[in-house]
Amino acid sequence: MSPNATHNSRLSKFMKDLGIYAIGNLGSKIITFAMVAVYTHYVTKSDMGYYDLCLTVIFLIIPLVTLQLRDGAFRYLLETEDVEQRSKVITFVYRSLTLGMVVSLVATIMLAVFTSIDYLWQCFLLLVVMSFFEVVTQVARGLGRNVEFVATGIISSFGILVFSIVFVVILPWGIAGVFIANILARFVALLYLEWRLKIVATYFKFGIDIKQVGIDLIKYSLPLLPGSLCWWLTGSSDRWFINHFVGIEANGVYAVAFRFNSIILILSTIFYQAWQETAILQYNSPDRDKFFSKMFNTYIVVLAILLTSYAFLLKIIYPVIVNASFQESANYLYAMGISAVIFALSAFFDMGYQCAKDTVSTLPAIVAAAVVNIVCNYFLVNYYGVWGAIATSIITYLVLFVWRLHDMKRYFRLSFYPPTSIALMIILVGAFVFHFIDTWWLQLLYMIVACAMALMSIPKESLKELMGKMLQKLGISKQ
């Protein structure tokens with residue numbers, strides 16, 4: 001196959017995966033926005049803050065009880081189509097998950113006996129369904145069933161919406177209803193995935209030898225566990241500092257802003273999921289560095305457009321979709337969006353470690369970022385409140401980005417295209433426009449001009465190829 005044919009094949013796969021993940025993630029996120037409106041109207045700020053803290057703890061525990069096997073399962077299933085090998089991987093994963101849940105049950109019983117934690121059993125059930133959801137959906141991706149993967153996410157989000165209307169709006173159960181809705185929705189989504197793929201029925205074998213596969217999976221996944229804990233510190237410690245220095249109501253306001261900030265995170269996740277498969281499968285190609293560089297520069301421009309569109313459109317419609325008591329959170333949108341963009345760029349470099357199966361090398365940068373995060377949160381949140389937490393996130397992800405940018409030279413070398421600096425300038429200027437101009441039509445004008453300038457800064461070759469593939473998807477052939 002010629003280099004051009006290979007390049008087109010890679011881009012076609014990337015665009016196909018991007019479309020699939022976009023449908024799933026955007027569908028889920030639209031429903032999530034609806035949930036923010038429901039929760040801000042029917043759940044108090046203090047209850048919203050408490051639920052957010054519970055979620056934060058659950059996200060900390062999930063990697064511990066799953067041994068971070070979500071990443072190992074995806075990586076090892078993606079590279080093989082052998083049924084027996086897949087059975088070994090999936091059998092080991094399910095056995096490990098079951099053991100983790102048993103340990104969690106014992107720990108929960110002990111906590112119930114010796115402490116009085118509100119909604120403890122709801123937290124346990126949410127931990128169980130979220131752990132299985134996290135791992136099993138990645139198993140589906142590893143099996144190449146991306147359509148079912150995104151459908152499961154949509155079903156889960158739609159289920160949360162429906163069950164929340166029942167238990168939070170119709171039956172005003174408050175935070176208890178929020179827990180129940182999230183538990184039932186993920187359980188229903190898991191039932192759908194098993195019904196569609198029959199993962200357990202097809203691949204789970206009691207008598208199969210899983211010793212060597214287990215060793216390989218643990219070697220790959222276990223080094224990710226300390227990194228996952230550091231990620232929890234980096235991404236979640238801000239809630240605890242805000243709660244301690246400012247108060248639980250401020251944490252509730254911050255939680256709402258963070259939910260909207262997840263717009264950029266989910267859109268970058270769409271890219272990351274499609275890029276993850278393409279990068280792993282094309283890592284050993286001879287023109288890898290050129291291909292990776294083109295994707296990286298295009299990604300910067302796309303993120304600039306996303307941040308600009310997200311922040312300014314949301315600011316205009318925020319009073320309509322968010323309850324008045326949470327309006328303060330609008331002030332934090334752009335700055336939190338900048339931290340999300342920096343995080344997304346640093347995540348691009350994560351592919352080097354995954355492609356080379358060198359997960360141990362992810363630790364130094366993550367540990368350094370976690371230390372910076374804790375130190376900055378302690379001092380900045382104490383003096384500047386919520387703004388201190390946001391500044392900490394930006395500083396933390398900058399440290400991670402710079403470290404990984406240097407570290408990636410071991411795996412691939414990227415070239416920075418000069419026109420891409422236009423996109424970076426748009427991001428910086430947008431911060432001033434967002435905070436100092438309140439006229440809606442001037443904000444809209446800036447957004448349109450900035451997005452147009454960013455599009456012009458995409459490398460022409462990349463823009464031509466991407467537009468060509470998009471037109472093909474729409475059934476429009478190039479004349």
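In this predicted model, Tyr76 counts as buried, at 17% relative accessibility, because the cut-off for burial is under 20%. Tyr220 is also buried, with a relative accessible area of 3%.

The structure holds 27 aromatic pairs. Tyr76 and Tyr220 form one of them, in an edge-to-face arrangement. Their rings lie 5.8 Å apart, centre to centre, with 85 degrees between the planes. Tyr76 belongs to helix H3 (residues 69-78) and Tyr220 to helix H9 (residues 211-221), so the pair ties together parts that are 144 residues apart in sequence. Tyr94 and Phe204 make another edge-to-face pair, at 6.4 Å centre to centre and 70 degrees between the planes. Tyr94 sits in helix H4, whereas Phe204 sits in the loop between helix H8 (199-203) and H9; the pair therefore ties together parts 110 residues apart in sequence. Tyr94 is buried, at 12% relative accessibility. Phe296, Tyr299, Phe348, Phe349 and Phe401 form one aromatic cluster.

The largest nonpolar core has 74 residues, of which Trp275 and Tyr334 touch the most other members. Helix H12 (residues 288-321) gives the most to this core, with 16 residues. Beyond its neighbours within four places in sequence, Tyr334 is in contact with residues including Leu307, Phe312, Ile426 and Phe434. Another core, of 28 residues, lies apart from the largest one; among its members are Phe92, Val93, Ala140 and Val213.

The second largest pocket holds about 390 Å³ of space. Its lining comprises 19 residues, with Val57, Ile61, Leu111, Leu120 and Cys123 nearest the centre. Helices H2 (45-66), H4 (83-114) and H5 (120-142) each give two or more residues to this lining. H2 gives the most, with eight. By class, the lining has 17 nonpolar, two polar and no charged residues.

Note on methods: Residues are numbered from 1 along each chain as its sequence is written. This is a predicted model: local features need pLDDT of at least 70, side-chain atom pairs count only at pLDDT 80 or more; totals for chains, interfaces and linings use all residues. Side-chain values use heavy atoms; hydrogens and water are left out. On a 1 Å grid over the protein atoms alone, a cavity is a set of points where a 1.4 Å probe fits but cannot get out, and a pocket is an open set with protein on both sides within 12 Å along at least five of seven lines; lining residues have an atom within 4 Å of a point. Grid points are joined across faces, edges and corners, and a volume is the space filled by probe spheres set on the points. Helices (H or I, at least four residues) and strands (E, at least two) are DSSP runs, numbered from the N terminus. Ala, Val, Leu, Ile, Met, Phe, Trp, Tyr, Cys and Pro count as nonpolar, Asp, Glu, Lys and Arg as charged, and the others, Gly among them, as polar. A nonpolar core is a set of buried Ala, Val, Leu, Ile, Met, Phe, Trp, Tyr and Cys residues joined through side-chain atoms within 4.5 Å. Buried means under 20% relative accessible area, exposed over 50%, partly exposed in between (1.4 Å probe, protein chains only). Contact means heavy atoms within 4.5 Å. Rings of Phe, Tyr and Trp (its six-membered ring) pair if their centres lie within 6.5 Å; planes under 30 degrees apart count as stacked, over 60 as edge-to-face and the rest as tilted.
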